[in-house]
Amino acid sequence: MIVGVYGIGYLIAASDSRTHWPIVLVGLLGKVFGPIGFLVALLRGTFPPLFGLTILTNDLLWWIPFMMILLEAAKHYRATSQPTGIARQQFVKQTKINASPDVVFRFHESPDALQQLIPPWENIKLVESAGSLQPSSRVVLRGSLGIMPIQWVAIHTEYDPPHLFADLQESGPFAYWYHRHRFLDDGQGGTPLRDEVEYAVPLGVIGRWLGGWLVRRKLEAMFAYRHEKTRSLIESREWTSALAASER
């Protein structure tokens with residue numbers, strides 16, 4: 001019964017393996033778990049060692065074409081997909097800062113601002129910065145997500161002081177990431193600091209189903225920390241005092 005069901009799936013996948021790659025992935029997983037099951041049975045004495053010969057033709061041999069199909073599908077996706085075709089999500093966080101837009105913008109331009117705004121629970125460090133928010137300037141963050149090492153490279157794309165700057169992910173953990181930092185003027189000497197993020201999680205629909213909620217929670221926690229840290233440093237005059245001392 002299982003072989004018959006797989007056969008129907010393979011027949012569908014053969015018509016367009018680039019489109020139906022999930023069927024091929026399921027087939028590959030079956031070819032991986034099969035040998036694992038045999039090893040367990042062998043250790044328990046259920047199967048004789050000679051039975052392992054069937055693993056060569058039933059499972060191991062098929063790793064090669066299945067992996068070649070999946071790699072080809074991945075290359076095709078990267079070559080044909082465009083950022084506008086990715087299902088994007090929006091995240092917005094706004095906080096009132098009791099300081100002028102010019103002061104809040106200057107804080108974000110300070111050399112150590114980004115490092116100070118990284119939440120302490122995030123295992124990530126700033127390893128490269130041009131020291132500027134000007135378009136084409138580059139920022140590199142490096143760290144880990146669980147046991148997986150990550151590197152996040154962002155390029156600044158918009159610069160309109162003291163109202164706006166923006167950065168675009170060049171490479172990193174997201175399928176797409178565009179972040180606008182807006183510094184609004186409330187007309188009373190204050191600044192509504194507004195972060196607008198347009199992003200897409202990796203792995204498409206699967207990524208949204210499995211990790212979309214987790215990404216959202218992490219964004220909420222990260223920007224809550226960033227805004228509170230910004231407000232605290234500016235309103236306590238801790239940052240402005242340090243800036244005045246350095247300028248003197």
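Let's start with the contacts of Ser100. Leaving aside neighbours within four places in sequence, Ser100 touches Gly189 and Thr191; contact here means heavy atoms within 4.5 Å. This is a predicted model, where local features need pLDDT of at least 70, side-chain atom pairs count only at pLDDT 80 or more, and totals for chains, interfaces and linings use all residues. Residues are numbered from 1 along each chain as its sequence is written, and side-chain values use heavy atoms, with hydrogens and water left out.

Where does Ser100 lie? In the loop between strand S1 (89–97) and helix H4 (101–109). Helices (H or I, at least four residues) and strands (E, at least two) are DSSP runs, numbered from the N terminus. Ser100 has 27% relative accessibility, so it counts as partly exposed. The cut-offs: buried is under 20% relative accessible area, exposed is over 50%, partly exposed is in between, with a 1.4 Å probe and protein chains only.

Next, H4. Pro101, Val104, Phe105, Phe107 and His108 are buried there. They sit on the same side of H4, because they cover an arc of only 155° around the axis. That arc is taken from the directions from the helix axis to the C-beta atoms.

Now the cores. A nonpolar core is a set of buried Ala, Val, Leu, Ile, Met, Phe, Trp, Tyr and Cys residues joined through side-chain atoms within 4.5 Å. The largest has 16 residues, and Trp177, Tyr199, Leu219 and Phe223 have the most contacts inside it. Helix H6 (204–235) is among the elements that each supply at least two of its residues. H6 gives the most, four residues. A second, separate core has 13 residues, including Val104 and Leu233.
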